[in-house]
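Please look at the sequence and the model below before reading on. The report that follows takes up selected sites and elements, one heading at a time.

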Amino acid sequence: MARIYYHEEKLSGKPFENDIINLQFFDFIFNNTNTNKFEIKPVSSSFFFGLLKSTKETFKTVRISRDGIDYKTTEGSFYLPKAIIFYDNDDFNFPSEFYFIAKLGEKIEIRKCNGGKDVKWFQIPDLHQEVTDSKIISKIENTILEVKKLVETTHNKQIDIDKEKKKEQELKTIEENRPFLSETQINAYKELTELCINLNSKKQDVIAFIDKLKNYDKDSQYFTTLNYVMDFLEKNGTPFILRLDWKAGIEDLEWVLSSSLKENYNLSIDLPNESHYEENASVSFDNVFEDFDKLLRQKGLQMGFIDTQSDEYVIVLHKTTDKDKMEKVIKEIGYDYYEK
């Protein structure tokens with residue numbers, strides 16, 4: 001299930017509130033669980049002399065979209081709200097029929113949307129409609145109550161917190177005994193930072209992190225030091241060493257490269273988008289990276305790839321004149337460099 005899109009941070013219809021579907025319930029779900037997907041089992045309302053009297057209608061699947069962000073692209077400016085999404089059939093990227101509760105400002109609304117095979121993400125703001133069907137509203141209410149039960153029990157954040165505390169203690173012991181990274185590798189990571197994010201306001205945060213960097217190769221959680229570094233960059237909101245699954249969409253590639261251009265080079269380039277490619281195209285399709293790279297090279301930049309021997313692409317955006325330096329420092333951190 002993809003994200004929910006609006007043209008701006010503004011209700012499309014009328015605000016909605018009743019005893020169950022309201023801002024308080026909405027915030028409770030967001031604030032008390034880290035889970036983003038719930039599978040709802042059929043709910044029996046009661047038994048009468050040992051016989052099932054009726055079954056409450058609920059949606060099979062609930063997803064939590066935690067965005068609440070603005071997004072600018074070649075298709076225009078969009079707002080991605082925090083939302084609770086409901087559907088029964090996960091048949092397309094945007095299901096044939098789905099409903100959602102979206103929070104915009106301090107108000108919520110219920111919307112219906114018909115997706116399907118040919119629906120593109122940027123069409124969503126013009127496709128969703130107000131929900132007035134009392135049966136659907138009742139179905140959403142029943143589903144919300146089931147989600148609330150799951151949040152209070154199985155998916156309660158406190159349960160996760162208790163588990164996390166135990167895990168943190170175990171990790172603390174491991175961390176205290178972990179060796180530091182070699183001086184050669186630390187210097188290589190620093191040089192990589194200088195080459196790729198010299199204009200980024202968070203550059204010094206990255207340098208300070210590298211100064212204390214330890215060796216995470218063969219670690220049970222991160223597996224490699226590079227993974228640990230990429231995890232830090234993502235949490236720190238620094239679009240530096242970028243990773244994409246081989247199945248990632250064109251939209252994802254456009255997003256990460258646009259972020260890197262803006263934050264690290266103070267540039268904005270009109271990059272290709274999914275409308276340039278066949279339906280359901282991914283970054284692994286022929287010539288996708290080459291198409292993006294061609295436009296980047298017109299600005300003196302290019303994508304470099306770190307060969308991790310995995311099913312993901314690890315990308316660094318750098319100046320074309322720095323290619324030899326990039327090959328050298330990437331080799332020093334333990335990997336081969338390649339380009340498209």
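## The surroundings of His128

In this predicted model, His128 touches Tyr5, Tyr6, Ser12, Phe100, Arg111, Lys112 and Cys113, when residues up to four places away in sequence are not counted. His128 itself is found in the loop between helix 2 (124–127) and strand 8 (129–130). With a relative accessible area of 5%, His128 falls under the 20% limit and therefore counts as buried. One of the residues it touches, Tyr5, places its backbone oxygen 3.3 Å from a polar atom of the His128 side chain.

Strands 6 and 7 form a hairpin with 2 residues between them, and Gly105 in the turn has a positive phi of about 65°.

An open sheet is formed by 4 strands in the order 9-11-10-12, with antiparallel pairing. Its edges are strand 9 (241–245) and strand 12 (336–338), each of which pairs on one side only. On average, and with direction ignored, neighbouring strands of this sheet are turned by 35° against each other. Helix 7 (residues 225–235) packs on the sheet, where it touches strand 9, strand 10 and strand 11, and its direction makes about 100° with that of strand 9. Helix 8 lies across strand 9, strand 10 and strand 11 as well, running at about 30° to strand 11.

Within the sheet, strand 10 (residues 301–307) and strand 11 (residues 312–319) pair in the antiparallel sense over 5 bridges, and Gln302 stands opposite His318 in strand 11.

Ser282 lies in the loop between helix 8 (250–265) and helix 9 (288–297). Its relative accessible area is 8%, so Ser282 is classed as buried under the 20% limit. Leaving aside neighbours within four places in sequence, Ser282 is in contact with Trp246, Lys247, Ala248, Gly249, Ile250 and Val288.

Technical notes: Residues are numbered from 1 along each chain as its sequence is written. This is a predicted model: local features need pLDDT of at least 70, side-chain atom pairs count only at pLDDT 80 or more; totals for chains, interfaces and linings use all residues. Side-chain values use heavy atoms; hydrogens and water are left out. Buried means under 20% relative accessible area, exposed over 50%, partly exposed in between (1.4 Å probe, protein chains only). A polar contact is a pair of N or O atoms within 3.5 Å; within protein, one must be able to donate a hydrogen and the other to accept it, and residues adjacent in sequence count only if both atoms are side-chain atoms. Contact means heavy atoms within 4.5 Å. Two strands pair if DSSP finds at least two bridges between them. Axes are lines fitted to C-alpha atoms, for helices over the stretch in contact, and angles run from 0 to 180 degrees between N-to-C directions.
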